[in-house]
Every structure is written in C-alpha cells, then in structure tokens.
Amino acid sequence: MPLLPRLGAGLLMASLLASAALAVEGDVLFKRQGGEGGFPPAVFPHWVHRIRYKCYACHPSITEMKAGANPITMDAIAAGKFCGACHNGKITWAVTFETCNRCHVAK
C-alpha cells in the first residue's frame with residue numbers, strides 16, 4: 001500500500017481512537033456533584049472540539065472559560081444550554097438516554 005493511503009488510514013484510526021478514549025490531556029472531566037454512584041463523570045473531549053472549531057464558537061457565549069464557572073447539568077443540556085446548544089439532533093447527535101456512554105465513560 002502506498003504511503004499516502006496508509007498515512008490517511010492511520011490518521012483516521014487515531015482520530016477515532018482519540019474520541020473513544022477516556023480523558024486525555026486537554027479534556028475536561030466533569031466531577032459529579034453529590035458523590036459517587038449512578039453514571040460515571042462526563043468527559044468533554046476539548047481537543048477534538050478545538051480541532052474543529054475556534055474558541056469563540058463556545059467561549060464565552062456557551063460556556064465561560066474558567067473551571068467550575070458553568071453549572072452544567074443534564075436538565076440544562078436538555079434545555080439547549082451548554083452542550084445542548086449543538087448536541088440537539090440538528091447540528092450534531094442529540095443528548096438522549098441512548099447516547100449516555102458517549103460522554104459518561106466508565107473507567
């Protein structure tokens with residue numbers, strides 16, 4: 001196989017693995033309020049989003065650029081705030097009970 005197709009296949013595989021992996025450097029781990037139990041904490045793949053969008057696509061209109069400054073809850077997301085501004089089933093995949101494991105990744 002020539003070099004260019006192998007390189008393209010390698011980059012595709014790396015991007016798929018990066019989006020499916022647990023938190024990596026640059027990702028945001030949302031610790032659950034109220035202790036352990038239930039779903040694992042959500043992992044926001046910041047780097048994957050940063051590759052596709054400029055900072056101003058989200059900051060400060062959707063989220064403040066300061067850890068802990070955003071009261072992100074599933075109710076707020078379902079109401080179209082924070083992640084729900086884009087993850088609404090129109091811009092990209094919707095946040096539903098069928099998609100929980102896309103963000104809430106067990107260790």
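**Loop and backbone features of the predicted model**

Pro60 sits in the loop between H2 and H3. This model is predicted. The peptide bond that leads from His59 into Pro60 is cis, and its omega is near 0°.

Asn70 also belongs to the loop that links helix H2 (46-52) to helix H3 (74-78). Leaving aside residues up to four places away in sequence, Asn70 touches Thr63, Glu64 and Phe82.

Phe82 has a relative accessible area of 15%. Buried means under 20%, so Phe82 counts as buried.

The setting for these residues is the chain as a whole. Its secondary structure comes to three helices and two strands. Read from the N terminus, the elements follow the order α-β-β-α-α. The chain has 107 residues, and buried residues make up 14% of them. Phe82 is one of these buried residues. The chain exposes about 8500 Å². Carbon and sulfur atoms supply 64% of that area. Among contacts with a separation of 6 or more, 28% are between residues 24 or more positions apart.

Terms used:
Residues are numbered from 1 along each chain as its sequence is written. This is a predicted model: local features need pLDDT of at least 70, side-chain atom pairs count only at pLDDT 80 or more; totals for chains, interfaces and linings use all residues. Side-chain values use heavy atoms; hydrogens and water are left out. Helices (H or I, at least four residues) and strands (E, at least two) are DSSP runs, numbered from the N terminus. Contact means heavy atoms within 4.5 Å. Buried means under 20% relative accessible area, exposed over 50%, partly exposed in between (1.4 Å probe, protein chains only). Accessible areas come from the Shrake-Rupley method with a 1.4 Å probe; for residues, only the protein chains shown count as cover.
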